[in-house]
Amino acid sequence: MKKMKRIWALLLTAATILSLLAGCASTPTQPAGDNNAPPTVQPNEPVNPYPDALVIAEQGMFSAGGTVLTSEGTFDVSNYYMSREGSTSHVDHANVFYQIPAEESGLPMVFLHGYGQSRMGWMTTPDGRPGWSDLFLRMGHSVFLIDQPRRGEAGQTSVAGTISTEPSDQTWYTQFRIGTYLDNTFTYNEGSQFPTGENVLDQFFRQMTPDTAMDSANGDQNIDTTIVAQAVAATIDEVYARTGKDSVLVTHSQGGMPGWETARYTDHIAAIVAIEPGMAPMVDSEDYAALLEKNIPVTFYYGDYIGEEFPDVPAAGMWGMMASSADAFTAAYTAAGGSSTVVHLPEEGITGNDHFMFQDLEAVPIG
């Protein structure tokens, strides 16, 4: 529990994110006296049977961004079921589920998932604990959870993909640095904070969802980052229109790359929190220039099992290269007057976290 609190302290105070999130995690103090005494209830005053309930003032869904395709010709209403001439298709948008807490005190949080994922990963953990979206709601932040274009509930696409049915659980389990697969068994890295159990793994693997535009059957894993970035920017602009507030953009993994590019298309990003992004922006890139011009503070988070000192973790070297790009970005960005911080959790005494640190045992309360 102490380590979990330390992760949250880091998340809430790193770099200039402090000015955005400070004070939102405080807990009301209890009055002095007998803690076992029953609460005083005035006559005819209704008793709340769920004093710890998360109270939502508003929730809903909307689509943001995207485009409309139109085919040539004239629609044949007499053959309406088969006719495709003169027809339209609404595609390449983001689908956004949002919740606004009854006691809103912080900036909106916009969450963007990673490769093969959807917003589900922010909403719950594989062992059924509440996800980060609930925790930020309790701290007074509205949350906007994106299914990126061509993924999950935003599957309509302008590009026809081919979805592979080739099994790959073991590959991604290893890539995510949870452990690996040896002797027909899923293993865990030493000291792992990932929840264990066959049912947990079953739930984790069932979070994965394909990209409808990706030619994955032929080994192509390319994602159109510009399409995603423009839809995320449209989401952030919609959040501003609804709330009058800029957003903290939280990205994970593959979502990190379009997350950087998003800064080119909107002026309403208050800060970016990047959870193990695939790469940081190159110093000579348009993304870097947009981030710096708009003075967007950035904080990176990296977990455990990264680097050459972990020869038994097959993906450790690859993630070491990715993490080094964040260090290079931060050195240049801060020298140019921007604000960027890289948080390596093991350097803070927090160990055992993998690529899905927001689903690990230390990342969210148990029970």
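Biologist: How many aromatic pairs does the structure hold?
Modeller: The structure holds 30 aromatic pairs. A pair means rings of Phe, Tyr or Trp (its six-membered ring) with centres within 6.5 Å. Planes under 30 degrees apart count as stacked, over 60 as edge-to-face and the rest as tilted.

Biologist: What kind of model is this?
Modeller: This is a predicted model, where local features need pLDDT of at least 70, side-chain atom pairs count only at pLDDT 80 or more, and totals for chains, interfaces and linings use all residues. Residues are numbered from 1 along each chain as its sequence is written, and side-chain values use heavy atoms, with hydrogens and water left out.

Biologist: Back to the rings. How do W122 and W132 pair?
Modeller: W122 and W132 form a tilted pair. Their centres are 6.2 Å apart, with 35° between the planes.

Biologist: Which helices do W122 and W132 lie in?
Modeller: W122 is in helix α3, residues 120-123, and W132 is in helix α4, residues 132-138. So the pair ties together parts that are 10 residues apart in sequence. Helices here are DSSP runs (H or I, at least four residues) and strands are too (E, at least two), numbered from the N terminus.

Biologist: Are W122 and W132 buried or exposed?
Modeller: Both W122 and W132 are buried. Buried means under 20% relative accessible area, exposed over 50%, and partly exposed in between (1.4 Å probe, protein chains only).

Biologist: And W122 with F358, why is that pair called stacked?
Modeller: The ring centres of W122 and F358 are 4.4 Å apart and the planes meet at 25°, so the pair is stacked. The pair links distant parts of the chain, 236 residues apart. F358 sits in the segment after β12 (340-344).

Biologist: What is the relative accessible area of F358?
Modeller: F358 has 2%, so F358 is buried. For W122 the value is 1%.

Biologist: New topic. At what angle do helix α9 and helix α10 pack?
Modeller: Helix α9 (residues 286-293) and helix α10 (residues 316-335) pack at about 45°, with axes 11 Å apart. Axes are lines fitted to C-alpha atoms over the stretch in contact, and angles run from 0 to 180 degrees between N-to-C directions. That makes α9 oblique to α10. Under 35 degrees is roughly parallel, over 145 roughly antiparallel, 65 to 115 roughly perpendicular, and the rest oblique.

Biologist: Which residues make the contact?
Modeller: Y288, L291 and L292 of α9 meet F329, A332 and Y333 of α10. Contact means heavy atoms within 4.5 Å.

Biologist: And overall, how many helices and strands?
Modeller: The protein has 10 helices and 12 strands.
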